[in-house]
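Work through the exercises below with the model open. Try each task before reading its solution.

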Amino acid sequence: MGRYLQPPPMLFTRDGHNVFLGDSYRGHTAFLVCSGPSLRMHDLTRLQSRGFITMSVNNAATVVPTRLWACVDDPGNFSDLIWRDPGITKFVPLCHMEKPFHVRDADGFLVPSTERVGDMPAVFAYRRNENFNASQWLYEDTINWGNRGDKTDEYGNKGSRSVMYVALRLLFYLGIRRVFLVGCDFQMQVGKQNYAFPQDRTASSVRGNNNSYRILNSRLGYLKPFFDQEGFEVFNCTPRSSLTAFPYVEFDLAIEQATAHLPIQINTEGMYDRRHVRPKPTDDSPDTAGRTVAPKEVPGPQPTSAMRSSAPSVKPLASIPTELNGHSNGALSNGKPAPAAALSVTLLTTVDEALYPYWKLSVRSWARKKTGLASVPWVVGYDSHWRAATESLTEELTGHDARRMIPWPSLPYQLQREKLSASWLALAAQHVKTRWVLYLPAHTRRETDCPWFLEEWLTEDASRRTPVMISSPISFSLAAAESSHWNAWAYTVPSLAGSADLESLSSSFGNSARPRQVAPWFCLVQTEWLRAQWKLLQDYPIDTFQELFLHACAARRRDYTVTVDPSVCGWQSMAGRLRVARKLFAQAGNRLSNRSND
């Protein structure tokens with residue numbers, strides 16, 4: 001189970017047998033379907049497609065066919081359609097197992113069923129508690145659903161219980177690590193339709209529910225730091241929701257993210273006889289211009305940009321109409337500029353609150369019309385803890401129709417620099433649909449109004465392959481001890497185990513002697529290849545900067561990569577100037593502090 005392993009809540013069958021379902025959906029995304037009237041605003045048929053995990057609560061399961069379901073109230077409150085559906089895995093309080101539910105008689109009146117909840121298919125029971133404590137909430141062996149009415153929690157909230165506590169806790173237990181909330185309005189009005197299904201509420205019920213929503217929102221806010229610590233992300237897809245504890249994400253974007261790991265096209269040809277399996281790299285592949293090279297392409301069908309696969313796509317780039325000429329050695333620095341339209345490319349950048357002042361100056365230089373980047377899709381990843389992010393970023397991106405702003409995924413790193421490094425790789429793998437992705441950090445700027453890349457950067461090697469990665473030189477060296485660490489890790493990865501050991505990367509990607517100081521400021525990568533490396537990192541984690549990870553995987557597998565000088569196309573890294581400016585600012589602050597002390 002790895003880092004997902006957790007003390008499980010005790011789940012039971014009707015006859016008392018313990019059941020462990022922990023991490024059944026390890027690392028996956030789920031939609032939590034609540035009962036608010038906004039649920040009807042979405043195209044819910046999309047949640048019924050292949051690849052979605054849905055958990056519904058209460059009678060929301062009558063609106064959306066669901067895979068998982070949870071309740072806390074009396075079984076008679078919920079449609080017998082839910083109880084009888086064998087395709088729904090149901091989680092109920094242990095004390096409900098021997099209770100009847102309600103059915104309609106011939107006259108349409110509700111009457112108790114002859115069957116009991118425990119008689120129904122796929123029902124599992126949990127034990128619950130009524131003592132809310134945020135610091136232990138994720139780790140208890142019973143499931144908390146709030147506080148009883150006469151008890152006040154340590155945050156000053158009295159009473160209030162909800163099925164939403166149970167649903168979130170169960171999803172975490174099942175291994176889900178990203179949740180999108182739909183139908184989560186968190187508000188009721190007297191005389192209005194307050195559910196996605198027919199149901200009236202009295203004025204006192206509306207007041208009581210709104211008070212429960214207020215307390216639930218407060219408690220979820222206290223839980224969120226613990227969610228972040230465990231990499232448990234929750235986003236709200238409900239427009240105009242009164243739930244403010246979690247960031248808002250559009251429903252369409254959530255749908256896209258949840259299915260990013262699935263193949264767009266299903267192709268089973270050759271799977272039984274292994275005719276289309278790519279052979280392992282060999283050590284005797286020719287070396288071209290000092291760059292490491294992988295074996296030649298095998299004949300037969302090759303991966304396409306529409307087929308997401310664990311194998312990288314390295315066939316020649318057909319979208320460049322001009323004949324490309326090879327170069328003998330060194331970084332490529334001269335040649336004919338090419339328009340951005342010649343590449344199927346997405347510009348990706350990441351920013352947090354501290355980098356925003358520098359980022360917005362860089363963005364204005366990227367958007368110049370003559371560069372060709374103003375017309376390509378942009379993905380902007382931002383720190384989800386930055387409260388003013390959406391407003392600030394929208395101001396800079398107004399007028400760019402293809403922009404998308406996406407919060408960083410929750411990442412298990414302490415340093416902000418590590419989070420910046422990890423977030424762009426995750427965002428590129430999950431959200432970029434073009435063949436290439438161009439990563440530009442906040443300190444990379446355009447100094448001239450010329451096209452942003454050279455055609456010759458895409459020169460094929462002797463095996464007629466285009467590069468999988470084109471980057472500026474990065475400053476690091478791989479010490480012998482760290483090489484051993486990398487090689488030991490690679491032997492645990494089936495697709496890398498048969499490759500040659502790494503001895504050093506400094507000779508291939510820079511000559512700096514500073515270890516682990518990775519400073520890429522221009523990186524153009526084939527998206528399919530990047531996605532394959534990102535999947536490796538999810539399946540076989542290793543603690544390292546993401547850029548170093550990409551280069552090390554390429555070097556070990558002998559994939560074709562190219563180091564270039566982006567300044568010939570007007571690109572400049574402002575990182576050095578930023579460091580100097582920060583140093584001068586700190587020195588000035590120290591002088592002022594010393595004067596005040598004098």
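Predicted model: local features only at pLDDT ≥ 70, side-chain atom pairs only at ≥ 80, totals over all residues.

Residues are numbered from 1 along each chain as its sequence is written, and side-chain values use heavy atoms, with hydrogens and water left out.

**Exercise 1. Describe the largest cavity and its lining.**

Step 1. On a 1 Å grid over the protein atoms alone, a cavity is a set of points where a 1.4 Å probe fits but cannot get out; a pocket is an open set with protein on both sides within 12 Å along at least five of seven lines; lining residues have an atom within 4 Å of a point. Grid points join across faces, edges and corners, and a volume is the space filled by probe spheres set on the points.

Step 2. Count. There are three cavities of 30 Å³ or more. The largest holds about 110 Å³.

Step 3. List the lining. It has 14 residues, with R178, Q257, I406, P407 and H431 nearest the centre. Strand 12 (178-182), helix 4 (251-258), strand 17 (403-407) and helix 7 (416-431) each give at least two residues. Helices (H or I, at least four residues) and strands (E, at least two) are DSSP runs, numbered from the N terminus.

Step 4. Sort by class. Ten lining residues are nonpolar (Ala, Val, Leu, Ile, Met, Phe, Trp, Tyr, Cys, Pro), one is charged (Asp, Glu, Lys, Arg) and three are polar (the others, Gly among them).

**Exercise 2. Which element gives the most to the lining of the second largest pocket?**

Step 1. Size it. The volume is about 1100 Å³. Of 43 lining residues, S35, N58, D73, Y195 and F197 are closest to the centre.

Step 2. Find the elements. Strand 7 (100-104), helix 2 (163-173) and helix 3 (203-229) each supply at least two residues. Helix 3 gives the most, with seven.

Step 3. Sort by class. The lining has 18 nonpolar, 19 polar and six charged residues.

**Exercise 3. How do the axes of helix 2 and helix 3 cross?**

Step 1. Take the geometry. The axes, lines fitted to C-alpha atoms over the stretch in contact, come within 11 Å and cross at roughly 30°, on a scale from 0 to 180 degrees between N-to-C directions. Therefore helix 2 is roughly parallel to helix 3 (under 35 degrees).

Step 2. Name the contact (heavy atoms within 4.5 Å). M164, Y165 and L168 of helix 2 meet L216, R219 and L220 of helix 3. Five of these residues are nonpolar, none polar and one charged.

How values were computed
Parallel < 35°, antiparallel > 145°, perpendicular 65-115°, else oblique.
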